[in-house]
Amino acid sequence: MSSERPSMRDRMRSMTSEPGVYLMKDRLGNTIYVGKAKNLKKRLSSYFMPSRKSKADLKTLTLIESIWDFDIQTVRSEEEALILESKLIKQYRPRYNVSLRDDKRFWLVRVQLKDTMPKFDLTRLRKEDGARYFGPFVHSNALKATLEWLNREFGLRTCAVRSPGEYDHKHCHADVIRNCSAPCVGKVSLEGYREKVMEAVEFLEGRGKRARFNHLNEEMQAAAANLDFEKAASLRDVIQNLEKTLSPTRQFSRRQHVPSTVQPKEDMTSLGEYLGLDRAPRVMECFDISNVSNTHIVASMVRFQDGAPDNQKYRRYRMKSVESQDDFASMAEVVRRRYSRILMEARKQDPEAFEVNQESTVQIMYRLGDAGKLGTLLPDLVIVDGGKGQLSSAYAELKDLGMSDLPIIGLAKQEEEIFFPGESESLRISHDEGALKLMQRIRDEAHRFANNYNELLLRKRMHESVLDEVPGMSKSRKLALFQHFKSLAAIKKATVRELQAVPGVGPKSAEQIVDWFSRQA
């Protein structure tokens, strides 16, 4: 912090009137209080009015006298300010904040798509369990009412049993009052049920929200016109709850410029020293494997440059040589594919550099990269998500490529242990260190990217599989339909004449498709 206290009057002249959060600092730069404001200028000005001191209690007076400077972060709404305030209080634990310092969190909606019959639940904790999470949500009552409506609207189960069957159905009333589509007893196929789940997921993501809102508004107006005021009031409440719950609210992370102690340059230097690297890891690449089933085995590679995500360089992979859930073999395949490609590109761009050279392949590629002669820079550090097994598999592939001196480590989630090739002892870095937090950010980003890809493939497969049930449907005809209409929803709405415009779909086939979908409605 500066040795001279900034002029608060000057700060207020240029202060924004937008909503946001503010972080009060003492003269040593410590965050001593975090607050939120609908209007930052109005709220912050109140701290430095002479009248405030005369009316303040002892605690507030002590806080005001301790304020040396402050930082602000603007947001889009009061709801976002509340979420960000909570996050920053938990991060900094300022001594003048009494509330929100405990572990209480805002509600999240969770759905585990790996389950046979997925269901939506409320939780306060986001875990690395492969589930899909939505939120956080500020309005808890509106959220609970929305989730209740969502389950009814899409016919989703709410029972606590993970895999319900006929016995559980006997004691369930949801099917009787038509709140659940009852996949447990086959009233809807598992594929059909999972499609409903994915439709609900898309709704929570905001897709098709406006059309559904318009439909609910039309229902409400019709009920009011028919003097059914009870139904109209109920629909009005549904709409209000949905609008509160689904209004766009950012999930704040450090990548979104939230005030934090993250210092990329210092973190990279510190990490390089901890790992004994010859150069600070300005370019890092991290790999993660994601398995939902043997059907979809995918991997992600995310790339950070200068401590920040380089989104354009992210890559995702579907396994070609691995047919079952084998993280070690999958990691080997994806590392081999990534670096054999970079090596091949480098040899094509400057073949002479690799002829009779005293340098190693990695040293040559670093030199070419520093000189701006490579299309894809070789990373200064490779991170694999996992322990000794994943690391050994990845390192073996690098050795086969002649790149054994490319720095590579394994980062195991449970204890955040760092493993090195050929060494039994692991390294642990304090959780307060920026070096570890930098690795955690890239590891978590790789995990998110891999899971999103797996979910995308799962959704695509479920949508496409519905057509397999249409009588006479072949793979080529299904492909032609998707190429023409682009989505399952468009195929469902198509007329016989529109279907006949698709190559390979004759009058009889078109009528079968229309008839089949009309019977499913």
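These notebook entries record what I looked up in the structure.

**Entry 1: the model and its confidence**

I noted first that this is a predicted model, in which local features need pLDDT of at least 70 and side-chain atom pairs count only at pLDDT 80 or more, while totals for chains, interfaces and linings use all residues. Residues are numbered from 1 along each chain as its sequence is written, and side-chain values use heavy atoms, with hydrogens and water left out.

I looked up pLDDT, the predictor's confidence in each residue, from 0 to 100. The chain averages 84, and 90% of its residues score at least 70. I marked residues 254-261, where pLDDT stays under 50. For that stretch the model has 27 contacts beyond four places in sequence; a contact means heavy atoms within 4.5 Å.

**Entry 2: the chain as a whole**

I counted elements as DSSP runs numbered from the N terminus: helices are H or I of at least four residues, and strands are E of at least two. The chain has 19 helices and 13 strands.

I then looked up burial, with buried meaning under 20% relative accessible area, exposed over 50%, and partly exposed in between (1.4 Å probe, protein chains only). Of the 521 residues, 46% are buried. The chain exposes about 27,800 Å², and carbon and sulfur atoms supply 47% of this area. Accessible areas come from the Shrake-Rupley method with a 1.4 Å probe; for residues, only the protein chains shown count as cover. Among contacts with a separation of 6 or more, 60% are between residues 24 or more positions apart.

**Entry 3: the sheet 2-1-3**

I traced an open sheet of three strands in the order 2-1-3, with antiparallel pairing; two strands pair if DSSP finds at least two bridges between them. Strand 2 (31-37) and strand 3 (69-74) stand at the edges with a single partner strand each, so one side of each has no neighbour in the sheet. The twist averages 20 degrees from one strand to the next. Strand 1 (residues 20-25) and strand 3 run antiparallel and are joined by six bridges. I found Lys25 opposite Asp69 of strand 3.

Helix 5 (residues 78-92) lies across strand 1, strand 2 and strand 3, and runs at about 170 degrees to strand 2. Axes are lines fitted to C-alpha atoms, for helices over the stretch in contact, and angles run from 0 to 180 degrees between N-to-C directions.

**Entry 4: the sheet 5-4-6**

I turned to another open sheet, in which three strands stand in the order 5-4-6 with antiparallel pairing. Strand 5 (120-123) and strand 6 (132-137) are at its edges, each with a single partner strand, so one side of each is left without a neighbour in the sheet. Here the twist averages 25 degrees from one strand to the next.

Strand 4 (residues 107-111) is joined to strand 6 by four bridges. Trp107 has Phe137 as its bridge partner, and Arg110 stands opposite Tyr133. Strand 4 also pairs with strand 5 over four bridges, where Val111 faces Phe120. I noted that four of the five residues of strand 4 are buried.

In strand 6 I found Pro136. A cis peptide bond, with omega of about 10 degrees, joins Gly135 and Pro136.

**Entry 5: the nonpolar cores**

I looked for nonpolar cores, meaning sets of buried Ala, Val, Leu, Ile, Met, Phe, Trp, Tyr and Cys residues joined through side-chain atoms within 4.5 Å. The largest has 35 residues, and those with the most contacts inside it include Val334, Tyr339 and Leu378. Elements giving two or more residues to this core include helix 12 (327-349), helix 13 (361-370) and strand 11. Helix 12 supplies the largest share, seven residues.

Beyond its neighbours within four places in sequence, Leu378 is in contact with residues including Tyr339, Ile342, Met365 and Leu406. Another core, of 32 residues, lies apart from this one and includes Met117, Phe154, Tyr193 and Leu242.

**Entry 6: two positive phi values**

I checked Asp306, which has a positive phi of about 55 degrees although it is not a glycine. Asp306 lies in the loop between strand 8 and strand 9 (308-309) and is partly exposed, with a relative accessible area of 35%.

Glu416, also not a glycine, has a positive phi near 55 degrees. Glu416 lies in the loop between strand 12 and strand 13 (417-419) and counts as buried, at 8% relative accessibility.
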